[in-house]
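Okay, thanks everyone, I'll keep this short. Let me put the sequence and the structure up, and then we'll walk through a few spots.

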Amino acid sequence: RLVICPTWRTYETNLDEVLIVLDPGMAFGTGHHPTTRMCMELIEKTVKGGECVLDLGCGSGILSITAVKMGAKSSTGLEIESNAVVVSEVNSKVNDVSEKITIYKGTLPHKEIAGKLFDMVLANISAKVIIDLSKYIAQSLRPKGRLIMSGVLEQSLVDVQDVMKMNGIQFDNVLRDGDWVAILASKY
């Protein structure tokens with residue numbers, strides 16, 4: 001149901017389609033990379049409505065925008081690149097969801113969200129960063145909360161699974177596209 005359209009084009013949606021207008025600028029996240037596409041598929045299947053989402057490494061904001069357009073109540077993005085923070089904020093305005101999306105420069109742990117628990121965490125970053133931040137990712141997720149991760153190569157899947165299991169996260173589903181994987185997991 002998700003359709004991504006660059007800001008310099010127009011697209012007439014069908015009734016069942018959800019349009020995301022995007023200018024990635026210098027930020028990662030156009031929807032074409034397998035990791036982004038698989039995350040969007042998992043968001044579409046997982047968001048039920050009303051969730052508070054944390055988008056770690058939000059890049060262009062595409063995953064936050066997708067989550068909100070699928071029914072999430074709000075999304076908080078964290079991004080270490082200043083230009084990506086600006087791009088993400090612009091994209092949330094273009095998609096008329098800026099009132100539901102807040103972007104902060106930085107990573108976990110972050111003072112603006114200290115102690116806050118999220119219903120869903122999105123992390124389309126790298127296996128190394130996911131492993132390094134695994135404790136903070138798990139601490140940010142409420143019990144029975146959902147975690148969608150990608151940016152992970154098949155060869156790193158077991159390492160990510162092992163560290164997440166140590167932090168109370170179980171894998172529920174793994175999508176594959178070439179050498180890339182996307183994971184849907186839950187906090188138990």
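So, two helices to start with: α1, residues 34–46, and α2, residues 62–69, have axes that come within 10 Å and cross at roughly 20 degrees. Keep in mind that this is a predicted model. Anything under 35 degrees counts as roughly parallel, so that's what we call α1 and α2 relative to each other. And the handedness? The α1 and α2 crossing is right-handed.

Who's actually touching whom? On the α1 side you've got Thr36, Cys39, Met40 and Ile43, and from α2 come Ile62, Leu63, Thr66 and Ala67. Sort the residues of that contact by class and you get six nonpolar, two polar and no charged.

Okay, next up, the largest pocket. How much space lies in there? About 170 Å³. The lining is made of Leu56, Gly57, Leu78, Glu79, Ile80, Gly106, Thr107, Ile125, Val129 and Leu133. By class, that lining splits into six nonpolar, three polar and one charged.

Leu108 and Pro109 are joined by a cis peptide bond, with omega at about -10 degrees. Where's Pro109? In the loop that runs between β5, 101–105, and β6, 118–124.

You'll find Asp96 in the loop between α3, residues 82–94, and β5.

That's my tour, happy to go back to any of it.

How values were computed: Residues are numbered from 1 along each chain as its sequence is written. This is a predicted model: local features need pLDDT of at least 70, side-chain atom pairs count only at pLDDT 80 or more; totals for chains, interfaces and linings use all residues. Side-chain values use heavy atoms; hydrogens and water are left out. Axes are lines fitted to C-alpha atoms, for helices over the stretch in contact, and angles run from 0 to 180 degrees between N-to-C directions. Helices (H or I, at least four residues) and strands (E, at least two) are DSSP runs, numbered from the N terminus. Angles under 35 degrees count as roughly parallel, over 145 as roughly antiparallel, 65 to 115 as roughly perpendicular and the rest as oblique. A crossing is left-handed if the near helix is turned anticlockwise from the far one by less than a right angle, and right-handed if clockwise. Contact means heavy atoms within 4.5 Å. Ala, Val, Leu, Ile, Met, Phe, Trp, Tyr, Cys and Pro count as nonpolar, Asp, Glu, Lys and Arg as charged, and the others, Gly among them, as polar. On a 1 Å grid over the protein atoms alone, a cavity is a set of points where a 1.4 Å probe fits but cannot get out, and a pocket is an open set with protein on both sides within 12 Å along at least five of seven lines; lining residues have an atom within 4 Å of a point. Grid points are joined across faces, edges and corners, and a volume is the space filled by probe spheres set on the points.
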